[in-house]
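Work through the exercises below with the sequence and the model open. Each task is followed by a solution in steps.

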Amino acid sequence: MISRTNAVKAVVLVLSMLVLNICMAWRTDCQTSVGRFEINGYAQGTTYHIVYYAHKNVILRRQTDSLLSRLDSSVSLYLPSSLICRFNQSDKGITVDEPFRVLISKALEINKATDGAVDVTVKSLVDAWGFGVKKPAAPPGDEKIKSILKNVGYDKIWLQGNFLHKKYADVQIDLNGIAQGYSADLLAALLERSHIENYVVEIGGELRIKGNKPDKEPFKIGIEAIDGNDMAPSPLRKVIAPGSGAVTTSGNYRKYVEANGKKLSHIINPQTGYPAINEMISVTVWAEDGITADGYDNGFMVMGLKKTLRFLEKRKDMAAYIIYQTDDGTVADTVTKEFKGYDIH
Amino acid sequence: MERRTFVKNTGLLAGGLLLNKAGLFAKGAGRVINIGIIGCGDRGKGIMRVIDEFPEKYNIVAICDVLDMRLTEAQKFAKKHQYSQYKDHRALLKNAQLDAVIVAVPLHMHYPVAVDVLKAGKHLYLEKTMTYNVQQALDLVKLAESLPKQVVQIGHQYRYSPLYYRVKEMISKGYLGKVSQVDCRWDRNANWRRPVPDASLERQINWRMYKEYSGGLVAELLSHQIDFINWAFDTHPTEFLATGGIDVFKDGRETFDNVQVMLRYPEQNMVGNFGATCGNSRDGYLFKIKGTKGTVSLLTDKGMFYPEKAQQKEKGVVDGVTGATKITWDKDGGTPILPDATKDGTWYALNDFYDKIGSGSLPDSNIYTGAKTAICVHLANQALYKNEIVHWKKEYLVLDRDNS
């Protein structure tokens, strides 16, 4: 039992501390007048997180949700009514909207730059190997692959204004490899239209970053461990501070199918029709925007270590952190010279 | 100590069985097993439907039921098999072709029929719950131990699916952290009766309604979840509290249609809540295992893992994380334990029974785990019907009597 006087004293103490706290909060607010705001949501079958610094919460979750669901209605393979599903079902093609057109133009540009290592017409192969929406009962045979390859290739689709043509009715496209990076770009543009200059946007592991935290501390980005264990995540493999731009990762450690006791990567080589088999485990790409970083990362997985390093030597606008398997089976990593903020941990 | 000695002993015993049996299973699993089915009710017929999928493993040579109508219904299954029909299981057991027998009869008949099967020298797949009471469980263990050439598997089939093996592994690897609570339900909004064509057959067909034959909802449904917890944590409860009644269908039944059982697992510092009602179907099958690091939520063929929020925030040292796209996390922050739904547990359990007949090794759902669960069910029913707190007794340690 505490005495009545003591109880009164305690109440007074608590109240005065509360008042002090409010005053301090007010002072901090007046001095910096910048707050940290966070949006956590769910879209495109994964989660997204936005952190931004501003005077007030100028962007709300319903805005980001509706932006992402508009993009879904255009390029999501999981929505039967989406434009991409209508294109895949069409005989000769359809009129597409602006985001769709932007994604296709960029994908065709990357296809050319990577000599076909990135190809959005890969969808029928992805489905045949069991990585699409519908799962086949068994892996495809050589004959099946050969017949599917007739519908794969950059020359099977072309844009004429806003009309996306297809050469054959069976040509199928999949923009999953590039659309998430582009979603991060669209969210970044939404923030920047409200004059937000300091933010991190993350959707499904693909990021857009700009500016710093209020104390000029750079944003820190973790690169996931490669054990693919979502139940008990291992500590981050690296922490980097890449500055403004986009960071995306493609890896084969989380998504694969097993056939005849072998793990098969979900990344399909569009030229051979078979899952990419090489030393690559994961590649984290830095570029100025998400559509570029995400557009290239799967391509690097297909190209393999040597070709990727040679390719990036000539590019000032892109960099990569690569985790790969060495000849003796151990895991190693390497980073290209344009990668900024790599050595902080 | 009790638990540890039990585990150690089971391990030794399994090894011993393997050695002893090496020569006796020379035929290997490469041949078709001739199988008999005693009991052609819903469960027996369900098993026949699954066996139809494995013509290269099983050949049904004999079926048995005391009711003619059940034998007629069973003819829809096993059409490719040439089998004899029996009304008396002792006559079936004289069929010299038989290698193994599946027993799916009302609970009170599990023990006497199982004894006859084992004494006839056949491998045994005995439906759950293993026996009607504690004494029968202990006696059946003794009998099975005296006949080491014969494989005995108990029909807790759900835990044979890869999903439940994965959950057991997640628990042992500590992914859930310290587990303190288990919540289970198995509900329906229906009277749990089967149609009776002739009033004189009421007790035979609706045996689940009568205490003389049945352990009620605890034996028929909750035993699966009780068994999984025993197996996954390598433990058993020691205190049994329960309440319930005939609350929804006052139709002359004796077994309760609304039950709640609370079990205390002192070695695990864990509480298990197991409930079933015939008066609501919203939850249906619910199975949640709750630890300091996360929750596992299971259906029979699908499961989700929900990490605790505090765990997710450990990543807070960074402002974002990049990685290969995660397999869908749902809106509640959960991730699927396996990417696709599993098949029915019976499919995996019967495949494994075939392998165990080949290898002679101890099944995962064996005479010992079956006995532990049967004892748990009996003690829970004692608590339920006598309205008292019941305790696990030391004499059940007879299960590890070889440990001297």
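Helices (H or I, at least four residues) and strands (E, at least two) are DSSP runs, numbered from the N terminus. The model is predicted: local features need pLDDT of at least 70 and side-chain atom pairs count only at pLDDT 80 or more, while totals for chains, interfaces and linings use all residues. Residues are numbered from 1 along each chain as its sequence is written, and chains are lettered from A and ligands numbered from 1 in the order in which they are written.

**Exercise 1. Locate A:Asp115 and describe its backbone and its exposure.**

Step 1. A:Asp115 sits in the loop between helix 4 (98–113) and helix 5 (123–128) of chain A.
Step 2. Its phi is positive, about 55°, although A:Asp115 is not a glycine.
Step 3. Count C-beta atoms, placed from the backbone, within 10 Å of the residue's own: 20 or more others make a residue buried, 12 or fewer exposed, and a count in between partly exposed. A:Asp115 has 12 other C-beta atoms within 10 Å, so it is exposed.

**Exercise 2. Describe the side of chain A that touches chain B.**

Step 1. Two residues are in contact if their C-beta atoms, placed from the backbone, lie within 7 Å. The contact takes 32 residues from chain A and 19 residues from chain B.
Step 2. Elements giving two or more residues to the chain A side include strand 2 (46–54), strand 6 (198–203) and strand 13 (280–287) of chain A. The largest share, 5 residues, comes from strand 10 of chain A.
Step 3. For classes, Ala, Val, Leu, Ile, Met, Phe, Trp, Tyr, Cys and Pro count as nonpolar, Asp, Glu, Lys and Arg as charged, and the others, Gly among them, as polar. The chain A side divides into 13 nonpolar, 12 polar and 7 charged residues.
Step 4. Strands pair if DSSP finds at least two bridges between them. Strand 8 of chain A and strand 14 (residues 320–322) of chain B run parallel and are joined by 3 bridges. A:Gly222 has B:Val321 as its bridge partner in strand 14 of chain B.

**Exercise 3. How do the two domains of chain B meet?**

Step 1. An automatic or database domain assignment gives the bounds: domain 1 (2–158 + 347–367) and domain 2 (160–340) of chain B.
Step 2. Their contact takes 16 residues from domain 1 and 18 residues from domain 2 of chain B.
Step 3. On the domain 1 side, helix 1 (2–21) and helix 11 (345–359) of chain B each supply at least two residues. Helix 11 of chain B gives the largest share, 3 residues.
Step 4. By class, this domain 1 side has 9 nonpolar, 4 polar and 3 charged residues.
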